[in-house]
Amino acid sequence: MRTVITFGTFDVLHIGHVNILKRAKSLGDRLVVGVSSDALNFSKKQRYPVYPESERLEIIRSLDCVDDVFIEHSLELKAKYIKEHHADILIMGDDWAGKFDIYKDLCEVFYLPRTAGISTTELISHIKKYN
């Protein structure tokens, strides 16, 4: 059994999120998803997510392609998460290409293309514009 792991904020769930999670699952037998904590998201983007981590965790958990979820508390703990979940494959979006190659000694690392024309940041900006 091959376990795939990926990480993300998954705020304002959209088709891009669904696409990457389905593609990630297709590369293995089990998909484990680390959902960024509210504090981690703030440290990366200087804003809190629209939905709190408990709700984002439950939303991702409810997807058929996802087998397990956990809260990602720190970017520096990726190796620990890979080991804890016995991951064989790490999946990240291609905007991170090369940045996670340091984990190739722990598992295979793949960068999948993002869905063109959609991003959470752009969606939030669009929603704010019309409110």
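Me: What kind of model is it, and how are residues numbered?
Reply: The model is predicted: local features need pLDDT of at least 70, side-chain atom pairs count only at pLDDT 80 or more, and totals for chains, interfaces and linings use all residues. Residues are numbered from 1 along each chain as its sequence is written, and side-chain values use heavy atoms, with hydrogens and water left out.

Me: How many helices and strands does the chain have?
Reply: There are 5 helices and 5 strands. Both are DSSP runs numbered from the N terminus: helices are H or I with at least four residues, strands are E with at least two.

Me: And what pattern do they follow along the sequence?
Reply: β-α-β-α-α-β-α-β-β-α.

Me: What share of the chain counts as buried?
Reply: 44% of the 131 residues. Buried means under 20% relative accessible area, exposed means over 50%, and partly exposed is in between (1.4 Å probe, protein chains only).

Me: What about the accessible surface of the chain?
Reply: About 7300 Å², with 55% belonging to carbon and sulfur atoms. Areas come from the Shrake-Rupley method with a 1.4 Å probe; for residues, only the protein chains shown count as cover.

Me: On to the inside. Which residues have the most contacts in the largest nonpolar core?
Reply: Leu21, Leu31, Val33, Ile60 and Val66, in a core of 18 residues. A nonpolar core is a set of buried Ala, Val, Leu, Ile, Met, Phe, Trp, Tyr and Cys residues joined through side-chain atoms within 4.5 Å.

Me: Which elements give two or more residues to this core?
Reply: α1, β2 (30–36), α3 (53–61), β3 (68–72) and β4 (89–93). Another core lies apart from it, with 13 residues, including Phe70, Leu90, Tyr103 and Cys107.

Me: What does Leu31 touch?
Reply: Leaving out residues up to four places away in sequence, Leu31 touches Val4, Thr6, Leu21, Ala24, Lys25, Cys65, Val66, Asp67 and Asp68. Contact means heavy atoms within 4.5 Å.

Me: Switching to rings. How many aromatic pairs are there?
Reply: A search of the whole structure finds 6. Rings of Phe, Tyr and Trp (its six-membered ring) pair if their centres lie within 6.5 Å; planes under 30 degrees apart are stacked, over 60 edge-to-face, the rest tilted.

Me: Why is the pair of Phe42 and Tyr48 stacked?
Reply: Because the planes sit at 25°, with the ring centres 4.6 Å apart. Phe42 is partly exposed, at 34% relative accessibility.

Me: How about Phe100 and Tyr103?
Reply: That pair is stacked too, at 6.2 Å centre to centre and 25° between the planes. Phe100 is buried at 9% relative accessible area, and Tyr103 is buried at 9%. There is also an aromatic cluster of Phe7, Phe70 and Tyr81.

Me: Is Lys78 buried or exposed?
Reply: Buried, with a relative accessible area of 1%. Lys78 is in helix α4 (residues 78–84). Not counting residues up to four places away in sequence, Lys78 touches Phe7, Glu72, Met92, Phe100 and Tyr103.

Me: And Lys83, buried or exposed?
Reply: Lys83 is exposed, at 53%. Helix α4 holds Lys83. Lys83 and Leu106 are 23 residues apart in sequence, yet 7.6 Å apart in space, C-alpha to C-alpha.

Me: Where is Leu13 found?
Reply: In the loop between β1 (3–8) and α1 (15–25). Leu13 is partly exposed, with a relative accessible area of 34%.
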